[in-house]
Amino acid sequence: MDLTELYQDLILDHGKKPRNFGKCNSANHDAKGHNPLCGDNIHVYLNLDNNNKVKDISFEGSGCAISVASSSIMTEIVKGKSEKKARVLLEAFFKMIKEGQEINKADLTEDEHIKFSSLAGVGRFPMRVKCATLSWHTLRAALDNEKKPINSEIID
Amino acid sequence: MSLKDIKSKFPIFKSNKKLVYLDTANSAQKPKVVVDVMDDFYRNKYSNIGRGVYSLAGIATEAYEQSRRAIKEFVNGSEGEIIFTKNSTESINLVATCFSKFLKEGDEILLSEAEHHSNYVPWHFLRKKKVNIKFIPINNDGELDINKINSLITKKTKIISIIHISNVTGHTSPIKKIIEIAKLKKIPVCIDGTQGVAHANVNLKELDCDFYAFSSHKIYGPAGVGLLFMKSKWLDQFDPFLGGGGMIQNVDLKNITYASGVSKFEAGTMPSAEVVALKEAVHFIDQLKIKNIITHEQNLTNYAIDKLSQINDVEFVGTPSSKSSLFSFNIKGIHSHDVSTVFDQDHIAVRAGHHCCQILHKKMNIVSSIRVSFGIYNNKQDVDTLCESIKKCKKLFKLN
């Protein structure tokens, strides 16, 4: 596989300049994720409003280009969505990475679809799957109010 | 046999023609002779050792003990014994666990900031006995600050355990000096020799440490076998580490007496084929002569560091003056795992991450790094391929 498919400009851009980075104000849900193999850490913060909508979402942490880009793209796509939709999206993300299943276009805007699908190539690098999925697992933990940090070695 | 055509002795390079294996510090590839001995043992000579009284069992037991003698000779462990374990990690766990009976609240253990987790975690367990662990600091070059040792040793220091060669920076610890200092104060010393044997001259009679731990799979032998050199006096002073078959003398309903010597520490069925094949690995190294191996690997390390220094954005993790056969680096702005994925496309195998040395990485203010470690089969062409791949990586990540 061509490496430029994995390291697309979009991924490199989000890897270098992550969006929604830092602790967001008024976060009422958060969770931590950890990859003990490489020492990567992520902390996802989100604000779920009274209508169960993700009003705000952000993340902190360090990791490789894939992991940072995946976190950054995730926050952009999930922001403003309902909790239910966020859960549908994270399942779709795991299906895309692990089973190569494309996401239903109707679920996202064109821009969101491009961003979401830019990470599909990671599935062809089995050793890097955990880099891409850690933030999405951590998002689920935040929605579930899971206090125990997510350990990528146990989950994937 | 010479180092020139050495790659041909390793089957892995026949089935993976493009492989550039730069991860020997993680685990060494196996020469055909080692694989053949294991194969022959399982096919033609296998039985458990130290149990049966039939001929086959006798032959297997003798082969196993021959291997012990060969290893003892290889590291000149004349005033002690060789115990077979699972790996270096288990060897150090054995020492820490068995030594703990001599420790009480407030006692001190001295380690260094360069320790692999295998020479820290087993000692950390002893903190539950309210024992304190102190660390000899490392400087920015990754070298142990030997001047700090005297002030760190107190009357409460009960044991010193130090890495021989750092698995991150390649720095050779001044173990001879440390052992000399410790001896004056009658403190036993354990050396984690995992990266030492097969890359440096290890003469345990000269070193005169109490314990020296190393692993078969890092010295071109099979995985699943660890080694622990233990000075004879500890054999009797230590209680057994694991209990079971093979380590007893007599068992009745109320009392058990233990086997004497090394048998006391080898409970249960041991990996006999692996131990027997390890002798062949030692023989293989002996034939090449350790001094030739050291020269070959140090030349390669110097060549690699020189070539990588010429590439912008390459940042080394420590620059110790006493280098061994490995070093670590980062490409500024690119995570080590991304670099490793790019290398992998060029069939280059390196270790990326913290290499089980989080303390050292934290001290250097980094999370992870890429490690290049050489074995006898590497050559300058491998280094040139690595340099090309680094340039490719920089281009991909737009770092030019």
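What follows is a chat about a predicted model with chains A and B.

Visitor: What kind of model is this, and which pLDDT cut-offs apply?
Guide: The model is predicted; local features need pLDDT of at least 70, side-chain atom pairs count only at pLDDT 80 or more, and totals for chains, interfaces and linings use all residues. Residues are numbered from 1 along each chain as its sequence is written, while chains are lettered from A and ligands numbered from 1 in the order in which they are written.

Visitor: What is the mean pLDDT of chain A?
Guide: The mean is 92, and 98% of the residues of chain A reach 70 or more. pLDDT is the predictor's confidence in each residue, from 0 to 100.

Visitor: Where in chain A is confidence lowest, and where highest?
Guide: Lowest is helix α7 (residues 152–155) of chain A, at a mean of 71; highest is helix α3 (residues 65–78) of chain A, at 96. Helices (H or I, at least four residues) and strands (E, at least two) are DSSP runs, numbered from the N terminus.

Visitor: How many helices and strands does chain A have?
Guide: Seven helices and four strands. From the N terminus on, the order is α-α-β-β-β-α-α-α-α-β-α.

Visitor: Why call chain A as compact as a globular protein of that length?
Guide: Because its radius of gyration is 14 Å, close to the 15 Å that the globule rule gives for 156 residues. The radius is taken over C-alpha atoms, and the rule is 2.2 Å times the number of residues to the power 0.38. Along its principal axes the C-alpha trace of chain A spans about 45 × 35 × 25 Å.

Visitor: What share of chain B is buried?
Guide: Buried residues are 47% of its 400 residues; in chain A they are 43% of 156. A residue is buried if 20 or more other C-beta atoms lie within 10 Å of its own, exposed if 12 or fewer, and partly exposed in between, with C-beta atoms placed from the backbone.

Visitor: Which residues have the most contacts inside the largest nonpolar core?
Guide: Cys209(B), Phe211(B), Phe229(B) and Ala277(B), in a core of 99 residues. Helix α10 (residues 272–288) of chain B gives the most to this core, eight residues. A nonpolar core is a set of buried Ala, Val, Leu, Ile, Met, Phe, Trp, Tyr and Cys residues joined through C-beta atoms within 7 Å.

Visitor: What does Cys209(B) touch?
Guide: Leaving out residues up to four places away in sequence, Cys209(B) touches Ile179(B), Val189(B), Cys190(B), Ile191(B) and Leu204(B). Two residues are in contact if their C-beta atoms, placed from the backbone, lie within 7 Å. A second, separate core of 39 residues includes Ile73(A), Leu89(A), Val122(A) and Leu143(A).

Visitor: Changing topic: how many residues of chain B are in contact with chain A?
Guide: 14 residues of chain B, against 13 residues of chain A. Helix α12 (residues 336–345) of chain B supplies the largest share of the chain B side, five residues.

Visitor: Which domains does chain B have?
Guide: Domain 1 (6–22 + 290–396) and domain 2 (34–286), with bounds from an automatic or database domain assignment. Their C-alpha centres lie 28 Å apart. The contact takes 24 residues from domain 1 and 23 residues from domain 2 of chain B.
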